[in-house]
Amino acid sequence: MTMAFWTWMDSPMGDLRLVAADGALRAVHLTERRGDPPAAAYGSERSDEPVLQQARRELDEYFAGRRRRFDVALGAVGTEFQRAVWAALTAIEFGAICSYADIARAVGRPTATRAVGGANNKNPIAIIVPCHRVVGSDRTLTGYAGGLERKRWLLAHEARLVGAVLDGYDPPRC
């Protein structure tokens with residue numbers, strides 16, 4: 001059985017729980033995310049784990065506006081389809097948005113829009129795997145496991161850094 005480690009991190013959006021195993025980041029959870037298992041389910045608390053330190057540093061840089069892409073090794077566990085969707089999410093440019101239909105086409109399943117929504121909802125690595133950049137086909141903000149207020153915050157944060165304001169901003173599409 002794989003030994004997992006976790007630590008807490010402060011962020012402008014509240015506390016984040018970072019989880020790692022096998023030298024890769026497995027999860028970034030917003031602490032108020034519905035359905036999260038208790039911390040004990042993640043193994044031992046250990047802030048000195050190198051991948052957790054790297055994830056924390058990169059997230060701090062993201063929140064400070066100095067990072068747009070992440071380099072930390074990722075190891076999310078999911079089905080083949082979920083992993084394909086999550087890989088497609090990492091291809092969405094900073095400050096851009098995609099619709100669920102865009103992602104369905106990107107993974108070669110153009111009619112799987114609802115399934116993409118389900119995979120997006122199961123994304124365990126919030127922020128770093130940017131599921132917040134996925135919106136409805138009419139560009140409306142749709143569900144986000146961390147809450148629409150946090151999704152709006154993340155999109156506004158990125159919009160500011162690309163020199164725009166979210167209200168009235170028409171971000172590029174993928």
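Visitor: Which residue in β2 stands opposite Ala 4?

Guide: Ala 21 in β2 stands opposite Ala 4. This is a predicted model, in which local features need pLDDT of at least 70, side-chain atom pairs count only at pLDDT 80 or more, and totals for chains, interfaces and linings use all residues. Residues are numbered from 1 along each chain as its sequence is written, and side-chain values use heavy atoms, with hydrogens and water left out.

Visitor: How do you know that strand β1 and strand β2 pair?

Guide: Two strands pair if DSSP finds at least two bridges between them; strands are DSSP runs of E, at least two residues, numbered from the N terminus. Strand β1 (residues 4-9) and strand β2 (residues 16-21) are joined by 6 bridges and run antiparallel, so they pair.

Visitor: What makes β3 and β4 edge strands?

Guide: The open sheet has the order β3-β2-β1-β4, with mixed pairing. β3 (24-30) and β4 (44-45) each pair on one side only.

Visitor: Why is Glu 49 called buried?

Guide: Buried means under 20% relative accessible area, exposed over 50%, and partly exposed in between (1.4 Å probe, protein chains only). Glu 49 has 13%, and is therefore buried. Glu 49 lies in the loop between β4 and α1 (50-63).

Visitor: Why is Asn 121 called partly exposed?

Guide: The relative accessible area of Asn 121 is 42%, so Asn 121 is partly exposed. The C-alpha atoms of Asn 121 and Ala 145 are separated by 6.2 Å, although these residues are 24 residues apart along the chain.

Technical notes: Helix = DSSP H or I, 4+ residues; strand = E, 2+ residues; numbered from the N terminus.
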